[in-house]
Amino acid sequence: MASNRNLLVLPGDGIGPEVMAEVRKIIAWMGSKRAVGFDIQEDVVGGAALDKHGVPLADATMRTALAADAVLFGSVGGPKWDNVVFDKKPERGLLRLRKEMDLFANLRPAKVFDALVDASSLKPEIVKGLDIMIIRELTGGVYFGEPRGTSTLPNGEREAIDTQRYKTSEIRRVCAVAFELARKRRNKVCSSEKANVMHTGVLWREEATKLHKEQYADVELTHMYADALAMQLLRNPGQFDVIVTDNLFGDILSDEASMLTGSLGMLPSASLGATDATGRRKALYEPIHGSAPDIAGKGLANPLAETLSYAMMLRYSFDLPKEADLVETAVENVLNAGYRTADLLGGGKTAGAKKVGTQEMGDAIVQELDRLA
Ligand code: IPM
Ligand code: MN
């Protein structure tokens, strides 16, 4: 079916191709049952690209990504490429996409489905109904700061350097995304850094405060050191609505937040660029889980984070909120019906659970979509 929606699918490595295969079933369902079609190109990234092209992201793939309306990404990396030189590591493929597409705002929702309250390692009363949005700055900070590298000192010792740097504009644009989103939610932003020990933290706090005063005074703004926030996420996560933080703290805190929801296998994310004059923005959607080499190829992976990433794509890139709701409702219903991949079994606590593999979970979603439509 011809369509004006151009989608680049990059399954990547490890469980990426397995979970993507399930989402392709949902994409096909949307095409035939809801006339939501895409012109899809599929390509390799990460270790798969290294094997094929000798680089973790080919230039041609980069060009396709820049021209696409959205990129749907799986995961990259695995032990096979452990000894690859630093600049060619599978992860560099993803980092290049983020940087060259200028995807500075990474939206990482941590939402607890009622059916999974018992899969969380925290007490049900602490996580029930939880709905947090972590906004991670994605193109700056220590992930990209120069100088960086490893050298040998005159005395023969080796030294490695990474640099954390942030400019006013980088802080302001990601904080603006946080304030805008908060207005559509519970109107609260918690900005997080370590202004007590880092210059970038001081600047972050000052710029967040300034922007808030200038344009977003209607939103409640608080500040919290990142270490304290890590603690509060476990103690009382319900106090948060939107959290905005830098690239590295956001990486760590979002993995932590995923455990509130029961599994890393449940969390989607959207990486967004700036909105252009025509209202379009570059975007890449990916689960926050990695390639999980330990379970790859075994049909055990949970396809729901990739499924929910696809739902975010429908919502944020294609303005299809009804279809996004439909997919999210199907996920919720399938969980309510007891379907659980291994990661969701929460130490066997879930009574009446139907243990399923990757494909059965994907099929259950499609069946539920059929029932709902
Ligand atoms: C993530 C991942 C990536 C990151 C890796 C794969 C480069 O952990 O998306 O959170 O560190 O950003
Ligand atoms: Mn991470």
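**Stop 1: the ligand**

Start by selecting ligand 1 and the residues around it: Glu91, Arg98, Arg108, Arg136, Tyr143 and Asp251, each with a heavy atom within 4 Å of the ligand. Before going on, a word on what you have loaded: it is a predicted model, where local features need pLDDT of at least 70 and side-chain atom pairs count only at pLDDT 80 or more, while totals for chains, interfaces and linings use all residues. Residues are numbered from 1 along each chain as its sequence is written, chains are lettered from A and ligands numbered from 1 in the order in which they are written, and side-chain values use heavy atoms, with hydrogens and water left out.

Next, show the polar contacts (pairs of N or O atoms within 3.5 Å). Tyr143 puts a polar side-chain atom 2.5 Å from an oxygen atom of ligand 1. For Arg98 the corresponding distance to a ligand oxygen is 2.7 Å, and for a side-chain N or O atom of Arg108 it is 2.8 Å. How much of ligand 1 does the protein bury? The answer is 78% of the 320 Å² that the ligand exposes when taken alone, by the Shrake-Rupley method with a 1.4 Å probe.

**Stop 2: helix 3**

Select residues 59-67, which make up helix 3; helices here are DSSP runs of H or I with at least four residues, and strands are E runs of at least two, numbered from the N terminus. Thr61, Met62, Thr64 and Ala65 are its buried residues, where buried means under 20% relative accessible area, exposed over 50%, and partly exposed in between (1.4 Å probe, protein chains only). These four sit on the same side of helix 3 because they cover an arc of only 160° around the axis, taken from the directions to the C-beta atoms.

**Stop 3**

Jump to Glu146 and Pro147, joined by a cis peptide bond with omega about -5°. Pro147 belongs to strand 6 (residues 145-152).

Then pick Asp102, in the loop between helix 4 and strand 4 (105-111). Its phi is positive, near 55°, though the residue is not a glycine.

Key:
A polar contact is a pair of N or O atoms within 3.5 Å; within protein, one must be able to donate a hydrogen and the other to accept it, and residues adjacent in sequence count only if both atoms are side-chain atoms.
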